[in-house]
Amino acid sequence: MRAFLVGCLAAIVIAVGAYAVLNHSGYVIDSASSVFTTKGTRL
Amino acid sequence: MRASVRFLFAASILWLAAALVAPAYAQQPTTVNPTAERVQEEQLLKALKKAEGRGTLADTKSQLLEQPAGRDWRQFQQVTLPWIGAIGILGMLGLLVLFFLIRGMIRIENGRSGRTLVRFNSFERFVHWMTAFSFIILAVSGLNITFGRALLTPLLGPETFATWAQWAKYAHNYLSFPFTIGVVLIFLMWIAWNFPSGADFRWIREGGGIIGNKHPPARRFNAGQKVIYWVVVLGGGAVAVTGYLLFFPFYVTDMAGQQLAHLIHGIAGLLFIAIMLAHIYIGTIGMQGAFEAMGSGEVDENWARQHHSLWLEKQAGKGRGQRPAPAE
């Protein structure tokens with residue numbers, strides 16, 4: 001079951017990494033509230 | 001002098017009369033019919049498909065005041081989509097329970113041989129589980145978006161539900177990345193074995209060994225597994241693409257595109273969940289020996305002969321597999 005554990009861990013690492021990159025880049029991460037925003041800018 | 005006094009008196013009377021008459025005139029019924037205006041608005045909406053104003057915000061989308069397509073989308077989101085999900089998922093669960101009660105677990109007919117062969121290597125299993133783990137969280141958090149408020153708020157209360165829903169949404173957004181990577185890797189990794197072949201038609205005709213007691217020959221993947229593969233690749237691809245359109249709103253599409261993306265994402269996601277329930281069933285309690293393929297990566301030779309005889313012959317021809325099972 002090593003592949004199972006490594007697979008789950010990899011998914012979490014990729015997800016956290018994506019969060020860090022997008023958050024750091026200043027992208028509006030809350031898409032629900034960004035309906036009336038311009039690209040990457042919170043109004 | 002008397003003439004000028006008479007003139008001033010007459011002018012005053014006229015001014016007074018005008019002052020008295022003007023309000024009375026203003027209170028007369030107007031010629032504008034509000035109902036008729038409403039009719040015009042409806043006609044305009046039908047003709048233009050939207051009503052737009054002008055504003056000072058940089059984002060011109062905020063100037064869109066009304067669009068009939070928005071009502072259709074709301075109806076879909078609040079009524080149609082939950083019905084599709086409920087029928088698809090509960091219907092599939094019902095079928096699987098019924099099938100299990102009638103057929104039970106599909107056993108290895110000749111028992112275990114004690115010899116095993118490698119079915120999936122470490123990398124294949126890693127990709128499968130990375131995708132599966134992401135999918136399960138995506139499915140639960142996605143179902144929460146459609147059904148959570150109605151089903152969980154009475155149990156959890158609004159504040160607890162709001163906290164849970166916020167975390168679920170973050171998980172839904174960011175686990176999309178490992179899921180998408182997994183779908184791409186699955187597509188590349190197994191494409192060579194997932195084109196239709198003649199054996200698939202026979203497999204389908206004979207019920208795939210699932211319905212009835214025949215065990216039609218199959219290659220590495222039988223027709224049922226090929227269906228699952230293409231559901232993952234095409235369905236997973238559809239939910240990924242539409243999901244990113246929603247995650248990064250208005251980068252690629254306009255408002256109508258966002259609504260269409262949501263429609264496709266919702267339908268494809270819910271049907272994807274329903275079909276994956278069947279995959280999970282057959283890979284666990286539905287078939288003896290199936291889970292080992294993704295667990296240890298090795299399957300029993302008799303299991304392979306029963307379900308994938310053409311693949312077993314090919315592996316034997318290559319001199320692979322058929323080694324004693326490890327001692328327990």
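**A loop residue**

Decide whether B:Phe250 is buried, partly exposed or exposed, using the other C-beta atoms within 10 Å.

Solution. Begin with the count, which for B:Phe250 is 18 other C-beta atoms within 10 Å. A residue is buried if 20 or more other C-beta atoms lie within 10 Å of its own, exposed if 12 or fewer, and partly exposed in between, the C-beta atoms being placed from the backbone. B:Phe250 is therefore partly exposed. Finally, look at the backbone, where phi of B:Phe250 is near 70 degrees, a positive value in a residue other than glycine. Most residues other than glycine have a negative phi. B:Pro249 lies in that loop between helix 8 and helix 9 as well, but B:Pro249 is buried because 21 other C-beta atoms lie within 10 Å.

**How the model is to be read**

State what kind of model this is, and how confident the predictor is in chain A and in chain B.

Solution. This is a predicted model, in which local features need pLDDT of at least 70 and side-chain atom pairs count only at pLDDT 80 or more, while totals for chains, interfaces and linings use all residues. Residues are numbered from 1 along each chain as its sequence is written, and chains are lettered from A and ligands numbered from 1 in the order in which they are written. For chain B the mean pLDDT (the predictor's confidence in each residue, from 0 to 100) is 86, and 85% of the residues score at least 70. For chain A the mean is 73, with 58% of its residues at 70 or more. Within chain A, residues 31-43 have a pLDDT below 50, although this stretch makes 26 contacts in the model beyond near neighbours in sequence; two residues are in contact if their C-beta atoms, placed from the backbone, lie within 7 Å. For the complex, the predictor gives an ipTM of 0.78 and a pTM of 0.80.

**The two chains**

Solution. A:Ala15 sits in helix 1 (residues 2-25) of chain A and counts as buried, because it has 21 C-beta neighbours inside 10 Å.

Work out how helix 4 of chain B is oriented to helix 5 and to helix 6 of chain B.

Solution. Angles run from 0 to 180 degrees between N-to-C directions, and axes are lines fitted to C-alpha atoms, for helices over the stretch in contact. Angles under 35 degrees count as roughly parallel, over 145 as roughly antiparallel, 65 to 115 as roughly perpendicular and the rest as oblique.

Take helix 5 (residues 158-174), which packs with helix 4 at about 175 degrees, the axes being 9 Å apart. Helix 4 and helix 5 of chain B are therefore roughly antiparallel to each other. Among the residues that meet here are B:Leu138 and B:Leu152 in helix 4, and B:Phe161 and B:Trp164 in helix 5.

Turn now to helix 6, whose angle to helix 4 (residues 122-156) is about 140 degrees, with the axes 8 Å apart. Helix 4 and helix 6 of chain B are therefore oblique to each other. The contact includes B:Phe135 and B:Leu138 of helix 4, and B:Pro178 and B:Phe179 of helix 6.

**The span and cover of helix 8**

Compare the span of helix 8 of chain B with the expected one, and say what covers its buried residues.

Solution. Helix 8 (residues 223-247) has 25 residues and reaches 34 Å from its first C-alpha to its last, close to the 36 Å expected at 1.5 Å a residue, the expected span being 1.5 Å times one less than the number of residues. Its buried residues include B:Val232, B:Val239 and B:Leu245. B:Ile228, also found in helix 8, counts as buried because it has 20 C-beta neighbours inside 10 Å. The cover of these buried residues includes helix 6 (176-190), helix 7 (198-205) and helix 9 (255-283) of chain B.

Technical notes. Helices (H or I, at least four residues) and strands (E, at least two) are DSSP runs, numbered from the N terminus.
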